[in-house]
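Have the sequence and the 3D view ready, and try each task before you read its solution.

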Amino acid sequence: MASVARMCCCGDGFAKWFSLPAADSPPFCQTVLELASALERLEAQVSSNEKQGIASPQNPESLKAKRASAAALETLGCLNCPASPDDGLDSLSDALGLILQEATLAAALAASHWNFSLDDAFKRASEKVRGRTPYMPAWGDGSAAQSLEQAQAHWKAAKAREKAGHGVDQISWKNTPCQRKLSGKLLLVWVVHELTSTGRCPWTDTMQAAELLKYFQEECTEAEEEMRILRDGAARKQSDLKPAALLSELGDIFFSFLMALFIIRRDFQLEPARIIERLTH
């Protein structure tokens, strides 16, 4: 068995998190591997601290990440001004780190409380996004999207099919068997990296980090509502409670945040993995 890290000529440190047959692997770059590995380390660190008096995920207010994102939005506004402060990027990095830490904490606690794998939330998001972007070269079905409007039309059509009960469109790369062996974090980071690489998606080429952080806030609100539904159902002793909707909303939270991170990387040359390393060291 060859590790993804060795196949990509990256350091052996990645092999702890990602190992699969090299022949089945999409071409992950070092940026993707570093960020996915950093996310794994952050979740492991957060999980090891769960018993230190942290608030229960039964309380929707535990999603402090939504409030923390306000600081990042304010800093982004300053960076877009001609006379931005010299320490603006450090302030932005600190704000983004706090958002991710709070989001990971709430999500890990929710996964533990309602008995699902947090990694499945990342995997679910990667599947949903790929299904809504069939024009992407890395996993598409040959569809085309030459404009922002065409890309949005694909997204809306796939989303409508999902809401109609048809499930997520199953679109992946050619070596589909390897998908089941990969970390959900690695899959989602790879998907976001592809989407935000210049010239590959006409929609994301036009996106700004501030709008992604606002989407992130909206997704936090939706996750809070799913937690409330589960909490209220448990109080009524319902026996058919399922966390699938919460799992999906958590995946959307991390997708929105990772999109913001990579767009910040594009616009301000701030490496996402460095932000997480400040939290885990």
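Helices (H or I, at least four residues) and strands (E, at least two) are DSSP runs, numbered from the N terminus. By that naming, Arg132 is found in helix α5. The model is a predicted one, where local features need pLDDT of at least 70, side-chain atom pairs count only at pLDDT 80 or more, and totals for chains, interfaces and linings use all residues. Residues are numbered from 1 along each chain as its sequence is written, and side-chain values use heavy atoms, with hydrogens and water left out.

**Exercise 1. Work out what span helix α5 should have, and compare it with the model.**

Step 1: The expected span of a helix is 1.5 Å times one less than its number of residues.

Step 2: Helix α5 covers residues 118-132, which is 15 residues, so it should span 21 Å.

Step 3: The end C-alpha atoms of α5 are 22 Å apart, which agrees.

Now try α9: with 25 residues, it reaches 36 Å from its first C-alpha to its last, close to the 36 Å expected.

**Exercise 2. Decide how enclosed α5 and α9 are.**

Step 1: Learn the cut-offs: buried means under 20% relative accessible area, exposed over 50%, and partly exposed in between (1.4 Å probe, protein chains only).

Step 2: In α5, the buried residues include Leu118, Phe122, Val129 and Arg132.

Step 3: Twelve of the 15 residues of α5 are buried, so this helix is largely enclosed by the rest of the structure. For α9, 20 of the 25 residues are buried, so α9 is largely enclosed too.

**Exercise 3. Describe how α5 packs against α9.**

Step 1: Two packed helices are described by the angle between their axes and the distance between the axes. Axes are lines fitted to C-alpha atoms, for helices over the stretch in contact, and angles run from 0 to 180 degrees between N-to-C directions.

Step 2: Between α5 and α9 (residues 244-268) the angle is about 75°, and the axes are 8 Å apart.

Step 3: That makes α5 roughly perpendicular to α9 (angles under 35 degrees count as roughly parallel, over 145 as roughly antiparallel, 65 to 115 as roughly perpendicular and the rest as oblique).

Step 4: Look for the contact, meaning heavy atoms within 4.5 Å. Among the residues making it are Leu118, Ala121 and Phe122 of α5 and Leu247, Leu250 and Phe254 of α9.

**Exercise 4. Find out what surrounds Arg132.**

Step 1: Arg132 has a relative accessible area of 9%, so it is buried.

Step 2: Leaving aside neighbours within four places in sequence, Arg132 is in contact with His154, Trp155, Ala158, Lys159 and Glu162.

Step 3: The side chains of Arg132 and Glu162 are joined by a polar contact of 2.6 Å. A polar contact is a pair of N or O atoms within 3.5 Å; within protein, one must be able to donate a hydrogen and the other to accept it, and residues adjacent in sequence count only if both atoms are side-chain atoms.

**Exercise 5. Is Asn115 buried or exposed, and what is its phi?**

Step 1: Asn115 is found in the loop between α4 and α5.

Step 2: Its relative accessibility is 71%, so Asn115 counts as exposed.

Step 3: Although Asn115 is not a glycine, it has a positive phi of about 60°.
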